[in-house]
Amino acid sequence: GSVRFACQIQEMQDPAASTYFEAANVFRNVIEYLTKVDADNVVHPYLATSWDPSADLKTWTFRLQPNVKWSNGDAFTSADVAANFRRWIGPASKSSNKTTFAALRDIEILGPLELRLHLDRPLLALPEILYAPNTPIMHRDFEKMGGDWSKNPIGTGPYRLAEFQVGQKATLVRRPEYWGEMPYLDEIRFIDLGTDISTHLAALAARQVDMLYRINVSDLDLAKRLSDVQILTGRAAQTPVMRMQVD
């Protein structure tokens with residue numbers, strides 16, 4: 001069946017340049033990551049099957065999932081991954097990945113499903129960093145295809161983007177040829193109801209939507225009083241960081 005999800009619909013021209021989780025909530029169902037980090041901050045394989053660092057943590061070798069196809073029929077290869085790293089750190093990059101991966105000095109393609117990253121300094125958390133919201137792997141010809149993913153939403157994920165309007169709605173439809181475990185839902189419909197959480201709760205009470213992305217603490221008591229509503233919570237590995245200049 002289908003689920004209706006109240007969530008802000010933001011611009012998704014270049015997922016690598018996105019800065020909010022709301023956009024990632026939509027595109028992460030269509031485009032995928034090399035790794036996946038669970039709620040305990042443990043890293044698992046995703047598009048990458050495994051990775052090996054050198055003893056000095058300056059060289060990382062990644063091996064990729066076989067038999068993965070892009071939604072346009074192209075094979076997913078190490079050339080796709082290399083193209084993303086080069087785009088992230090390139091002179092024209094508008095992504096925060098440009099500084100995140102500033103230590104990257106060379107990308108060595110070892111085969112269709114294997115590549116090696118050479119860094120100029122140790123980087124222990126590389127697998128964790130690769131599951132940041134703005135590090136999904138795009139098709140190697142993303143820029144040649146126009147550089148606007150929302151208009152040409154090619155992906156390796158379990159869904160395809162069937163409908164998209166900034167500030168209004170996004171509809172995802174299950175992709176039957178997906179390489180991994182098939183998702184439960186046939187369709188996910190994201191509906192933008194603005195920023196007023198009370199409007200979201202009213203829509204939920206009226207059964208116009210099935211799920212809300214977030215509610216404020218001040219709205220929690222009201223949400224609990226709505227009939228047939230479940231409050232779902234879970235521990236997350238999301239971490240805010242404040243860096244201090246101490247000199």
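The model is a predicted one. Along the principal axes, the C-alpha atoms occupy a box of roughly 55 × 55 × 30 Å. Six helices and 11 strands make up the secondary structure. Of the 247 residues, 40% count as buried. The accessible surface amounts to about 13,600 Å², and carbon and sulfur atoms account for 51% of that area. Among contacts between residues at least 6 apart in sequence, 58% join residues that are at least 24 apart.

Empty space in the model was examined next. Rolling a probe the size of a water molecule over the atoms shows where such space is left. The largest pocket holds about 1,700 Å³. Its lining comprises 41 residues, and those nearest the centre of the pocket are F21, R28, Y131, A132 and P133. Four secondary structure elements each supply at least two lining residues: the helices α1 (21-27), α3 (97-100) and α4 (126-129), and the strand β2 (35-37). By class, the lining of the largest pocket consists of 21 nonpolar, 13 polar and seven charged residues.

The second largest pocket has a volume of about 700 Å³. It is lined by 23 residues, with L204, D210, L212, V229 and Q230 lying nearest its centre. At least two lining residues come from each of β1 (2-6), α5 (197-205), β11 (211-212) and α6 (220-225). Of these elements, α5 gives the largest share of the lining, three residues. The lining of the second largest pocket divides into 15 nonpolar, three polar and five charged residues.

The volume of the largest cavity is about 60 Å³. Its lining is formed by M138, H139, F142, M145, G147, D148, W149, N152 and I154. Five of the lining residues of this cavity are nonpolar, three are polar and one is charged.

Conventions. Residues numbered from 1 in each chain as written. Predicted model: local features only at pLDDT ≥ 70, side-chain atom pairs only at ≥ 80, totals over all residues. Heavy atoms only, no water. 1 Å grid on protein atoms, 1.4 Å probe; cavity = no way out; pocket = protein on both sides within 12 Å on 5 of 7 lines; lining within 4 Å. Points joined across faces, edges and corners; volume = space filled by probe spheres on them. Nonpolar A, V, L, I, M, F, W, Y, C, P; charged D, E, K, R; others polar. Buried < 20%, exposed > 50% of the residue type's maximum accessible area, 1.4 Å probe, protein only. Contact = heavy atoms within 4.5 Å. Areas by Shrake-Rupley, 256 points an atom, 1.4 Å probe, with all protein chains shown as cover.
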